[in-house]
Amino acid sequence: MATSGTQNVQQLPHHKVKIKKPGQRACNEKNEKGKFCGGHLKLWSYMTDAVERECGDVAKAWGPKAEVYRCEHCKTLYLPTPGETKVNVAGQGMISVFGLTLPPKTK
């Protein structure tokens, strides 16, 4: 059984790789006890990372300018959701369900 977000993803030897869900900003990886990590996903500059330069897996797999997010706690890598074209560190976020535009208050 495949974990959600890991289907059809090229796994790297030294990294766990998943695909972000639309609007996802926190890690959904579970630890050995079954608890969610919950770390923030941050755009990762892997070309300047000293540890990654030694390993080189990400640069070999996706090139020097790929959009890759990394969990700040468990270091799981996330690729952007297919179809999302905007590069944003926090992701697009959720659209408001209210959609209200209130007129300005009168004095």
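Reply: Start with contact, which means heavy atoms within 4.5 Å. Leaving aside its neighbours within four places in sequence, Leu 12 is in contact with Val 17, Asp 57, Val 58, Ala 61, Trp 62 and Leu 77. Note that this is a predicted model, in which local features need pLDDT of at least 70 and side-chain atom pairs count only at pLDDT 80 or more, while totals for chains, interfaces and linings use all residues. Residues are numbered from 1 along each chain as its sequence is written, and side-chain values use heavy atoms, with hydrogens and water left out.

Me: What makes up the secondary structure of the chain?

Reply: The chain has two helices and four strands. Helices (H or I, at least four residues) and strands (E, at least two) are DSSP runs, numbered from the N terminus. From that end on, the elements run β-β-α-α-β-β.

Me: Which strands are the edge strands of the sheet?

Reply: The sheet is open, with four strands in the order E1-E4-E3-E2 and mixed pairing. E1 and E2 are its edge strands, as each pairs on one side only. The twist averages 35° from one strand to the next; for such angles, axes are lines fitted to C-alpha atoms (for helices over the stretch in contact), and angles run from 0 to 180 degrees between N-to-C directions.

Me: Why do E1 and E4 count as paired?

Reply: Two strands pair if DSSP finds at least two bridges between them. Three bridges join E1 to E4, so the pair meets that condition. The two strands run parallel. Val 17 stands opposite Leu 77 in E4.

Me: Why is the link between Lys 16 and Glu 29 called a salt bridge?

Reply: A salt bridge is a side-chain nitrogen of Lys or Arg within 4 Å of a carboxyl oxygen of Asp or Glu. For Lys 16 and Glu 29 the closest N and O atoms are 3.8 Å apart, so the pair qualifies.

Me: How many salt bridges does the structure hold?

Reply: There are three. Lys 18 and Glu 29 meet at 3.2 Å, N to O. That pair links Lys 18 in strand E1 to Glu 29 in the loop between E1 and E2, 11 residues apart. Lys 42 and Glu 72 meet at 3.3 Å, N to O. Here Lys 42 is in strand E2 and Glu 72 in the loop between strand E3 (69-71) and strand E4 (77-79), 30 residues apart. Salt bridges that share partners join Lys 16, Lys 18 and Glu 29 into one network.

Me: Is Lys 18 buried or exposed?

Reply: Buried means under 20% relative accessible area, exposed over 50%, and partly exposed in between (1.4 Å probe, protein chains only). Lys 18 has 2%, so it is buried. Glu 29, with 16%, is buried too. Lys 16, at 34%, is partly exposed. Lys 42 is partly exposed at 42%, and Glu 72 is partly exposed at 29%. Buried residues make up 31% of the 107 residues in the chain.

Me: What makes a set of residues a nonpolar core?

Reply: A nonpolar core is a set of buried Ala, Val, Leu, Ile, Met, Phe, Trp, Tyr and Cys residues joined through side-chain atoms within 4.5 Å. The largest one has nine residues: Val 9, Leu 12, Val 17, Trp 44, Tyr 46, Val 58, Val 68, Leu 77 and Leu 79. Apart from it lies another core, of five residues, among them Cys 27, Leu 41, Cys 71 and Tyr 78. In soluble globular proteins, nonpolar side chains tend to be buried together.

Me: Why is the aromatic pair of Trp 44 and Tyr 46 called tilted?

Reply: Rings of Phe, Tyr and Trp (its six-membered ring) pair if their centres lie within 6.5 Å; planes under 30 degrees apart count as stacked, over 60 as edge-to-face and the rest as tilted. Trp 44 and Tyr 46 are 5.9 Å centre to centre with 55° between the planes, so they form a tilted pair. Trp 44 is buried at 8%, and Tyr 46 is buried at 3%.

Me: What is the phi of Lys 75?

Reply: Lys 75 has a positive phi of about 65°, although it is not a glycine. Most residues other than glycine have a negative phi. Lys 75 lies in the loop between E3 and E4.
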